[in-house]
Amino acid sequence: MKRTLITLSVAGAVAALTIASVAYVGLINVGADDPHWQPVHTFLNYVRERSIAVRARDIQVPALDDQQLISSGAGNYNAMCIGCHLAPGVEATELSQSLYPAPPNLATTEANSDPAITFWVVKHGIKATGMPAWGKSMGDEYLWGLVAFMQQLPKLDASQYQTLVAASSGHQHGGGE
């Protein structure tokens, strides 16, 4: 037993020294223009997806087909999300092309099939991705408006998008703006 503890202690010390050495010599490039090594990318995606799923599993989703909720989301999306996540008829921006990991184009891709997960991401953001935590300045009802709107977004053409934005109350989020 004593030998096992010594072996584990030495192995732990070697692993810690190796990790510290890799960090100290700058071996890992953190530049956003240099994608992760595929196994690292796969691992980080898995960690992100599991972390979000665990935290979102108990979120109660309201009715997202309410037109007022969708309209509210349209105005906020147009003001806050379009630069990274685009919209129908909107070409890629410098920002949307320069972030790593690249933000999904929500005009062509559904945010997530689980609205609770989308809500959690919008509210809490994701570290080191450029996705802000909008819950720091927005009330939940406005966040749900964004989720409701994002569910509709891939079904819209440019004209329908502009009509929804024009019919919205614009950028609003219950204080903090």
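**View A. Helix α7 and the helices it packs against.** In this predicted model, the buried residues of α7 pack against α3 (67–80), α6 and α8; contact here means heavy atoms within 4.5 Å. Local features need pLDDT of at least 70 and side-chain atom pairs count only at pLDDT 80 or more, while totals for chains, interfaces and linings use all residues. Residues are numbered from 1 along each chain as its sequence is written, and side-chain values use heavy atoms, with hydrogens and water left out. Helices are DSSP runs (H or I, at least four residues), numbered from the N terminus. Look for Y142, L143, W144 and F149 among the buried residues of α7, where buried means under 20% relative accessible area (1.4 Å probe, protein chains only). The 13 residues of α7 reach 19 Å from first C-alpha to last, close to the 18 Å expected at 1.5 Å a residue; the expected span is 1.5 Å times one less than the number of residues.

**View B. Rings of F119 and W144.** The structure holds 3 aromatic pairs; rings of Phe, Tyr and Trp (its six-membered ring) pair if their centres lie within 6.5 Å, and planes under 30 degrees apart count as stacked, over 60 as edge-to-face and the rest as tilted. F119 and W144 are stacked because their ring centres are 4.1 Å apart and their planes lie at 10 degrees. F119 sits in helix α6 (residues 115–124) and W144 in helix α7 (residues 140–152), so this pair ties together parts that are 25 residues apart in sequence. F119 is buried, at 5% relative accessible area, and W144 is buried too, at 9%.

View C. Ring pairs join Y77 to F149 and Y161 in a cluster.

**View D. Helix α3 and its cover.** Of the 14 residues in α3, 10 are buried, leaving the helix mostly covered. Y77 is one of these buried residues, as are L69, I70 and M80. The cover includes α4 (82–85), α7 and α8. The end C-alpha atoms of α3 are 20 Å apart, in agreement with the 20 Å its 14 residues should span at 1.5 Å a residue.

Technical notes. Helix = DSSP H or I, 4+ residues; strand = E, 2+ residues; numbered from the N terminus. Buried < 20%, exposed > 50% of the residue type's maximum accessible area, 1.4 Å probe, protein only.
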